[in-house]
Every structure is written in C-alpha cells, then in structure tokens.
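Have your viewer open and follow along.

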Amino acid sequence: MLRNLGGAIGTATLATILTKREQFHSNVIGQSVTIYRDEVRHRIAELTSYLLSHGVADRAAAQHEAIMAIGRTVTHEALILAFSDAFAVIGVVLGVAAVALLFTRKAAAAGGSGAH
C-alpha cells in the first residue's frame, strides 16, 4: 500500500513540476517572442507567404495562422524545457536516495526458519 501511495504522490508531484515549469518557460520565451522584434516579424512574413502559396486565400487568415504557429512552437519548446527540468529533479532525488542508501544498516538475520 505504501508503494502505491508513494507512486501516486511521486506522479502527482512530477505532474505539478511539469505544469509549473512549462508555464515558467512559456513566460520567459514569450517575453522574447514579441511583434516588436525584427526576427519575429520576418518569421511571420515568411510563414504568411508560405501559407498563401499553399492554399490559404485570405492574407489576414494566413497571418493569423502564422502567429498561431509561432505560439505553438513557443509552447512546444517550453514543454521540452519543462521535461528537462523534471528529469533533473528525478536525477537529484535518485542521487539523494543513493546517498541515503549508503547510510542504511543491513538487517540482522533472524534465527530459526523463515515462514512463508
């Protein structure tokens, strides 16, 4: 029962870390991806031209779709960074557990026969 409870708590903790770190990275990346940067305006223009040449008839719709594509890219990159942070947390917990294991004592052998 304790193993199942520990697994549920660990899974919930990692899900929370993933959500919070994804929000953090999305905000940090989003601060750099603004319409006031030349790189972003250039990328929107490229994507708009691409969409216009591949079936989108309305320029405003193509531009809106280009902006949405950039937003999806920001979300995707933030999620990748959040998973990286979650794996780092898992690594730290594993390291702490390995060190704690070094300080444990071996259980004393009980006399007599073991019951099944």
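Predicted model: local features only at pLDDT ≥ 70, side-chain atom pairs only at ≥ 80, totals over all residues.

Residues are numbered from 1 along each chain as its sequence is written, and side-chain values use heavy atoms, with hydrogens and water left out.

**Helix packing**

Helices here are DSSP runs (H or I, at least four residues), numbered from the N terminus. Axes are lines fitted to C-alpha atoms over the stretch in contact, and angles run from 0 to 180 degrees between N-to-C directions.

| Pair | Angle | Axis separation |
|---|---|---|
| H1 and H3 | about 135° | 7 Å |
| H2 and H3 | about 125° | 8 Å |

H1 and H3 pack at about 135°, and are therefore oblique to each other; oblique covers whatever is left after under 35 degrees (roughly parallel), over 145 (roughly antiparallel) and 65 to 115 (roughly perpendicular). H1 passes H3 in a right-handed crossing, meaning that the near helix is turned clockwise from the far one by less than a right angle. On the H1 side, the residues in contact (heavy atoms within 4.5 Å) include Leu 14, Ile 17, Leu 18 and Ile 29, and on the H3 side they include Val 74, Phe 83, Val 89 and Ile 90. Sorted by class, the contact of H1 with H3 has 13 nonpolar, four polar and four charged residues.

H2 spans residues 38-53 and packs against H3 at about 125°, which makes H2 oblique to H3. The crossing of H2 and H3 is right-handed. Among the residues that meet are Val 40, Ile 44 and Leu 47 in H2 and Ala 62, Ala 66 and Ile 70 in H3.

His 25 is found in helix H1, residues 2-32. What does the side chain of His 25 make a polar contact with? The partner is the side chain of Asp 85, at 2.6 Å. A polar contact is a pair of N or O atoms within 3.5 Å, one able to donate a hydrogen and the other to accept it. His 25 is buried, with a relative accessible area of 11%, where buried means under 20% (1.4 Å probe, protein chains only).

Ala 82 lies in helix H3, residues 59-102, and is buried at 0% relative accessible area. Not counting residues up to four places away in sequence, Ala 82 touches Leu 18, Arg 21, Glu 22 and His 25.

Technical notes. Helix = DSSP H or I, 4+ residues; strand = E, 2+ residues; numbered from the N terminus. Buried < 20%, exposed > 50% of the residue type's maximum accessible area, 1.4 Å probe, protein only. Nonpolar A, V, L, I, M, F, W, Y, C, P; charged D, E, K, R; others polar.
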